[in-house]
Amino acid sequence: MSATEETEPVRTADVEVEASRLVRIVAAVVLVVLSATFLVGVFDIRSPKGLDPQGPRFFPLLVTAAWLLLSIGYLIEGLRSPRTAKAPAESGGGITGRSWFEPVALSALLVLYAFLVVPLGYMIATAGLFWAAARVLGSRQLVRDIVVAVVTAVVVYIAFTQFLDISLPEGVLGL
Amino acid sequence: MISLAVFGDLMHGFGTVLDPMNLLWAVLGVTLGMLVGILPGIGPALTIALLLPITFNFSDPIGAFIMFAGIYYGAMYGGSTTSILINTPGESASVATAIEGHKMALKGRARAALATAAIGSFIAGTISTVLLTFVAKPIGNLASQFQATDYFAITLLAMVAVTALVGHSLVRGLLSLTVGLFIGLIGLDSLSGAQRYTFGTLRLLDGVDVVIVIVGLFAIGETLHVASKLRSTPDRPAVLEKGRLRTGYLNKSDWKRSWAPWLRGTALGFPFGAIPSGGAEVPTFLSYTIEKRRAKKAGRKHPDEFGDGAIEGVAGPEAANNASFSGVLVPLLTLGLPTSATAAVMLAAFQIFNVQPGPQLFEDQGTLVWTLIASLYVGNLILLIMNLPLIQIWVQVLKVPRPLLYAGILVFACLGVYSLSGSGYEVLMALLIGVAGFFMRKLDFPIAPVILGVILGPTMEEQFRRALVISNGDGSVFFTRPLSLIIIVLTVLALFVPYLPRLVARIRGTQPTRDRLTFGEDD
């Protein structure tokens, strides 16, 4: 996106779709399957009045039906798009190869955090999350990261438990 | 007939804001908002979402809302500082500023760009807050005559208009909206008590908390997205050297060139904020286009500077940006209707405190509303004071390394969702939504419609069903009541707005520049 384009002002929307045709089609299929499942799920909703507009089923029916139709539209759009996707390599790297590593690693860290925050305690789990996330994101300054991670975790813990009365797990430190 | 009572109410509001403790919240809010908002890539919606947990335990909503107003103003202003100094707008409303402001900075005029943005924001914010002061209550009174069908129609209008205007594909925008509406369906149906899409788990009976959706989509989704691109983007954007910043504020010619764009920007920002159009994007881009055209047409001394650091291109959009916020508050306070992603986050904050914006708000929560409005005047002033002399300090914030920045965002995102319920389950839910947000970014789906769907969906359904109950199931009520009909017609028209430029071009017989008129999102 060139900032000094001659014609109209640059719109933020002029960012290329970063995903390939295949990823788009897969996403469309996932959307179709999800919406179809939920559309069928409308009938799991207990309603004495069937599909009466005043009952609890009507609105979900509208929403999931619209979702299904739009997903099919999106799928058709994807299938009709040119096979040679605009090379996203130089701008964002697309969803290819090693660019998967960081998001997947961060997600794994968050899952780990969700399970460990109570047993380990807020401070240890959070300091660990901070340090590991910074490392995944490319930081290589071990000492600085550990210092920042510990300070952040301790300050947040004290501020929230002491001043805001939000309870955070103590964990193994047992303060 | 309105003025005297309004002055009394407003003075009362000032009385509350100027209480030392409340003033402290205002300063704290502006500082925090500025601090987080200035970080590259973080817009006001994310700033407020990240800072929400801080206010969870405020016993008094007034203090919380004073702080919110400060956070919002601070975040918005922080965004323009980032745009000017390192050309990474965290929100699309700052893109216009980034174009001209960064060029000015490169030419050693960063101080002037920052000053015209700060003073313009102050002037626009103050004028539009005055407008808000006088417009809000009459509109609230008008809105109190709204019936269920009108409410249904207007929530529909807000969702569709924002969806049509942000993002660049109507199909993808509407898909985002339906997904948001679906998330809003999860849980117990408020009218019949039926379980909907709870998949047999007790966890989902209360539905999905909107804070989880916001933090998941904005904070976690954004972090995952940034993480996936780390290899191909430079580690840290270059920060301008200090020396350049010490070249004084606005000179005489700068003032002369800035004042009219400030006022024009204000005039655009306030009304566009008030109508459902996604908040600040449309008026900022309009303001930029108008200033550019005027410079060309009038054959002024500086026409060639556009695209190369024209001060008008910073002054106008920045004023429009700030004015639109007070505009956004009009439907938010009087109708309970958020017209941008950030307003939706604000509404979530209101709901956390069990405050229901709408026609009754001015009656039920008079002190709260007028204090909030008074705090906007105060917040504006604090921002001006903090920015002109202290800019050097803020520049330091820009130097936070990216890995630490995003690690910090993750930590605060987890804190926000964890403190909602005190269980790791919420963190997992936010991660799930964050992964969806990651793919939405990759596939260029707009985020704002999801948030609007989650927040407005339940309201819309409730009004829809209430209207039908009143009419004994007769669906024609939506078309027989004139006000509802007008709003529904407007909703249909909103779907065609993006295609206007192409139509106009075809009528004129010229080549259209782009297929659709589109704007970014994230407010």
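A cavity is a set of points, on a 1 Å grid over the protein atoms alone, where a 1.4 Å probe fits but cannot get out, and its lining residues have an atom within 4 Å of a point. Grid points are joined across faces, edges and corners, and a volume is the space filled by probe spheres set on the points. This is a predicted model, and totals for linings use all residues. Residues are numbered from 1 along each chain as its sequence is written.

By this rule there are three cavities of 30 Å³ or more. The lining classes of two of them are set out below, with Ala, Val, Leu, Ile, Met, Phe, Trp, Tyr, Cys and Pro counted as nonpolar, Asp, Glu, Lys and Arg as charged, and the others, Gly among them, as polar.

| Cavity | Volume | Lining by class |
|---|---|---|
| Largest | about 50 Å³ | seven nonpolar, one polar, one charged residues |

The largest cavity is lined by Y77(B), R111(B), L114(B), A115(B), A118(B), Y249(B), N387(B), L388(B) and I391(B). Helix α6 (residues 110-143) of chain B contributes the largest share of this lining, four residues; helices are DSSP runs (H or I, at least four residues) numbered from the N terminus.

Around the second largest cavity lie Y77(B), A118(B), S121(B), F122(B), N380(B), L383(B), L384(B) and N387(B). Both α6 and α15 (366-387) of chain B supply at least two residues of that lining, and α15(B) gives the most, with four residues.

How values were computed: Chains lettered and ligands numbered in written order. Predicted model: local features only at pLDDT ≥ 70, side-chain atom pairs only at ≥ 80, totals over all residues. Heavy atoms only, no water. 1 Å grid on protein atoms, 1.4 Å probe; cavity = no way out; pocket = protein on both sides within 12 Å on 5 of 7 lines; lining within 4 Å.
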